[in-house]
Amino acid sequence: QVQLVESGGGLVQAGGSLRLSCAASGRTFSDYTMGWFRQAPGKGREIVASIGWYSGVTNYADSVKGRFTISRDNAKNTVYLQMNALKPEDTAVYYCAASYRAPRNYAYWGQGTQVTVSS
C-alpha cells in the first residue's frame, strides 16, 4: 500500500502561482511513477503531469505546458507541482497518484486538494 497526502491548494487570482505537494509513505517511493490529475466541476478526471520512476522523464498535458512543472524528491518521498500563470480554467480538485514502475495503472490516490483561480 502507498498512502498519499496532498497539500498546498487554495484560492489565487489569475496569473498567480501555487505549489502543490504530495507526501508518500508505505512503499519505496522511487519505484513509482507519480502523476498529478485534476477534476473540474462537471468534468472528468484528466492527467496534468507525470514524472517517471527511474528516469524522471516528465510529461504534461498541452493545457499546462510551459506553466506547470512537476518534480520529485525521492529523499523526502514527495512529488511537487509548481503552477504558474494560473487561469480560471485551472480551477479543479487536484489529486496525486502513484503507479508502480510504468505509468500503466495508477492504483494509489490521494484525497485531493482544491485549487480555485479567480478572474
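Okay, some ground rules. Residues are numbered from 1 along each chain as its sequence is written, and side-chain values use heavy atoms, with hydrogens and water left out. Because the model is predicted, local features need pLDDT of at least 70 and side-chain atom pairs count only at pLDDT 80 or more, while totals for chains, interfaces and linings use all residues.

Let's start with the sheet. There's an open sheet of 4 strands, in the order S1-S3-S8-S7, and the pairing is antiparallel. Strands here are DSSP runs of E, at least two residues, numbered from the N terminus, and two of them pair if DSSP finds at least two bridges between them. As a reminder, strands of a sheet pair through backbone hydrogen bonds, either parallel or antiparallel.

Which strands stand at the edges? Those are S1 (3-7) and S7 (68-73); each has a single partner strand, so one side of each has no neighbour in the sheet. From one strand to the next, the twist averages 15 degrees; that uses axes fitted as lines to C-alpha atoms, with angles from 0 to 180 degrees between N-to-C directions.

Staying with S1: S1 pairs with S3, residues 18-25, in the antiparallel sense over 5 bridges. Val 5 has Ala 23 of S3 as its bridge partner. S1 also has two faces: Leu 4 and Glu 6 are on the covered one, and Gln 3, Val 5 and Ser 7 are on the uncovered one.

Now the disulfide. The rule is a pair of cysteine sulfur atoms within 2.5 Å, and by that rule the count comes to 1. Cys 22 is joined to Cys 96, with S to S at 1.9 Å. The link of Cys 22 and Cys 96 is right-handed, with 40 degrees about the S-S bond. It ties together distant parts of the chain, since Cys 22 is in S3 and Cys 96 is in S9 (residues 92-100), 74 residues apart.

Are these two cysteines buried or exposed? Cys 22 is buried, at 0% relative accessible area, and Cys 96 counts as buried at 0% too. For the cut-offs, buried means under 20% relative accessible area, exposed over 50%, and partly exposed in between, with a 1.4 Å probe and protein chains only.

On to the core. A nonpolar core is a set of buried Ala, Val, Leu, Ile, Met, Phe, Trp, Tyr and Cys residues joined through side-chain atoms within 4.5 Å. The largest one has 30 residues, and Leu 4, Trp 36, Leu 81, Met 83 and Tyr 94 have the most contacts inside it. Elements giving two or more residues to this core include S4 (32-39), S5 (45-51), S8 (78-83) and S11 (113-118).

Take Met 83 from that list. Leaving aside neighbours within four places in sequence, Met 83 is in contact (heavy atoms within 4.5 Å) with residues including Leu 18, Leu 20, Arg 67, Phe 68, Tyr 94 and Val 115.

That brings us to Arg 67, in the loop between S6 and S7. Arg 67 counts as buried, at 11% relative accessibility. What does its side chain reach? The Arg 67 side chain gets to the backbone oxygen of Ala 85 at 3.0 Å. A polar contact, by the way, is a pair of N or O atoms within 3.5 Å; within protein, one must be able to donate a hydrogen and the other to accept it, and residues adjacent in sequence count only if both atoms are side-chain atoms.

Gly 66 counts as exposed, at 85% relative accessibility.

Among the residues Arg 67 touches is Lys 87, in the loop between S8 and S9. Lys 87 is partly exposed, at 34%. Lys 87 and Gly 16 are 71 residues apart in sequence, but 8.3 Å apart in space, C-alpha to C-alpha.

Last one: Ser 99, back in S9. Ser 99 is buried, at 1%, and its side chain reaches the backbone nitrogen of Arg 104 at 3.3 Å. Beyond neighbours within four places in sequence, the contacts of Ser 99 include Asp 31, Tyr 32 and Thr 33.
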